[in-house]
Amino acid sequence: MPHPSDIEDILNTFDDYGTTITAVVVDLLCDPTHGNHPIVHDLVSNVSILLDALACTRAQEGLAVWASNAIKNTYAREVEELTRKTSGFHFNAANATQERLDAFDIGQIASRMETIAPTMWDLLGAVLTADTRSDTQRLSDINMRDEEAGDSEEEYWRDDDADEISATGGDSDDANESESAGIQRREAIYKMSVLGTFFHTCNTPETAIELLSQIGLSISMTTINQVVSSLSAESHNAIRGLGQTLLTSYAYDNFDIELKHYIPTVENPHDTLLHMTSGTTLHLDHNVCTEDLRCSEELWKKSYQAPNDPSGLTRRDRFIKWKFLQDLVTHGPTFFHKFRGDLENPESVDQIPLTKSRQVPLRALDVNQSTKDGNIKALTEFFKQGGVGDPHDLTEGSSESSDIGDHVMACADAIWRIFIQPSQSRDDPTSLMEHVTQIRPKETGKIGSKPGFRRMHQVIQHVGIVSRLDAWQTMVEKSNARWTNLDEFAGSEPDWNQLEDMAAKLAREYVVNENFSSLVFKPPGAQDVQFENALLIQKYFLLYEEITGCGKHKYTSKMIKFLHDLHFLYPEGLSGLPAYRRAIRMNILCNPTGKPHHFRAVDWWVEHNNLYTKRIYGGKSSNHTKTRILNESMLIEVYKKI
């Protein structure tokens, strides 16, 4: 700091030259010839110190006015940038697409706003964090939501359309609209659009949506209908695009909806139950090409031969061996748990590679698919949606198909009909019903009369595990008289090779095999009927584990026909490889998540779509109409992502 006497000398010098400090400073800063002078650098580097000093004098009021005007100009410039089309915040409901809705991400919007308008963003942050206690709670809530939500969605949509919608449903800007109103409308438009579509997917009453649109929290029902129409048109194009690749499988199923508010007519006086058909298209993955599907001239020419195994065990025997080992290392004594790492996955046959399946839901049909004519009409309409074929070329014929999900349910029903439903099947003390009384003593009445699939599925799995562990114990006792149970066997610390040898023996001796008839035709006094029944039950349990079709005649006949066609009728590809068979095998299951052990039957996916079509996005009360269900059935995948 200069000495006071020096300051007096400097001030006198200004008087001698007839100028002022202000004039000198302004000239230094405004004249480019002085831009590199050390004094200019000093002024620029210490401008905050200079302003702080001015704020402590009578210049405080004038300084505040200047700062206010400067910041207003900055805010106006940044707001103008935000309202430009290039900012990416414009939205046109009439041209809404699934891609734009999928790309909605508040985090990306905030980041872009901070980049375009950093000064306004700082002001907003300062206002929101003025209350430190509220700010702390807000951060805590955000962290909690982040932990629950996981990965965010992709960036917010980029709209290239010129038109934009207003808070009341789509009017263009008025020429005399004030600048502040235009700013508020443009900044809120994307939120209102997404919120309005979200309210629609949640079956919010139309009157409530109209109220929300009037107070500026949603777009109107008219605009929402434009969004739905635009998304439906895009979905229709996606269906046709996928269908015309000719690498598409079509899956469909019937579903019933009761509209209790349905008004009877002369033609339908009491028909409140609607019979409809839903469908979806699945892309054929795993390198399937159209050449693989050119097979009509090759039918009935080739047959399938299963490979032989040098161990003497058939493919099914090897699966049974694996199942015995899995039960032991998973549910047996603790000692055997260490072998879980040695147990590999069961032997695969034409294993389906791990790929996330893709579907494009079809528009539901007002068709009763339970009849032959209904099947033909459903296929005709679905192929038409896919843009494939000439509907007039379809001829009559059976169009029923086979699905693994149906066969699993049929298997469970078959086991119930064989081993539980007949009253005489419960007399044996080793019967399946006797086991049920041990593991589910309070549900014997329900299981004996009408168990349902889920309950019967659990009975088969749990009783099967216990019975196979019991077979292990019997095998152990026969191997060494000192071992009376699996815990004592575990105390001998057997190695993995020993367990594999015993499991192979269990697969051959404790499950029905080709030598079973020799047991059945023994003299009456030499027979062990209970042991024979135990072998039969184990056979059916393991067949169920292997997901093999049996049970109801309809499903059994379809499965037999499907397996016959797959192994003997469908030909190999033009290249000599079993391309057509492979195309079917690789796509007989779907994987909606793309994760290991998450494969599902195609029928499961269709039923899942039916749930969303009927219950989630089908409307409520007066909105629950056939028209809405049909029109929006193809948008369920879009709505899930909002």
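Student: Which exposed residues are carried by the face of α11 turned away from its buried side?

Tutor: The model before us is predicted. In it, that face of α11 carries T207, L211 and Q214, which are exposed.

Student: Which residues of α11 are buried, and what makes them line one face of the helix?

Tutor: The buried residues of helix α11, which spans residues 206-214, are I209, L212 and S213. Seen down the axis of α11, these buried residues fall within an arc of 100 degrees, so they line one face of the helix. Just after α11, G216 takes a positive phi of about 85 degrees.

Student: Why is Q385 called buried?

Tutor: Buried means under 20% relative accessible area. Q385 has a relative accessible area of 10%, so Q385 is buried. This residue lies in helix α14, residues 372-385. Leaving aside neighbours within four places in sequence, Q385 is in contact with H236, I239, R240, L362, R363 and L365.

Student: Where does W483 lie, and why is W483 called buried?

Tutor: W483 lies in the loop between α18 (453-479) and α19 (486-491). Its relative accessible area is 14%, and the cut-off for buried is under 20%; therefore W483 is buried. Beyond its neighbours within four places in sequence, W483 is in contact with V476, E477, E488, F489, S492 and Q498. From C-alpha to C-alpha, W483 and Q473 are 8.7 Å apart in space, although 10 residues apart in sequence.

Student: How do you know whether C30 and C590 are buried or exposed?

Tutor: Exposed means over 50% relative accessible area. C30 has 60% relative accessibility and therefore counts as exposed. C590, at 2% relative accessibility, counts as buried, because the cut-off for buried is under 20%.

Student: How many disulfides does the structure hold?

Tutor: The structure holds 0 disulfides.

Student: At what angle do the axes of α2 and α3 cross, and what is that arrangement called?

Tutor: The axes of helix α2 (residues 21-30) and helix α3 (residues 38-45) come within 10 Å and cross at roughly 95 degrees. Angles of 65 to 115 degrees count as roughly perpendicular, so α2 is roughly perpendicular to α3.

Key
Residues numbered from 1 in each chain as written. Predicted model: local features only at pLDDT ≥ 70, side-chain atom pairs only at ≥ 80, totals over all residues. Heavy atoms only, no water. Helix = DSSP H or I, 4+ residues; strand = E, 2+ residues; numbered from the N terminus. Buried < 20%, exposed > 50% of the residue type's maximum accessible area, 1.4 Å probe, protein only. Contact = heavy atoms within 4.5 Å. Axes fitted to C-alpha atoms, helices over the stretch in contact; angles between N-to-C directions. Parallel < 35°, antiparallel > 145°, perpendicular 65-115°, else oblique. Disulfide = S-S within 2.5 Å. Arc of directions from axis to C-beta.
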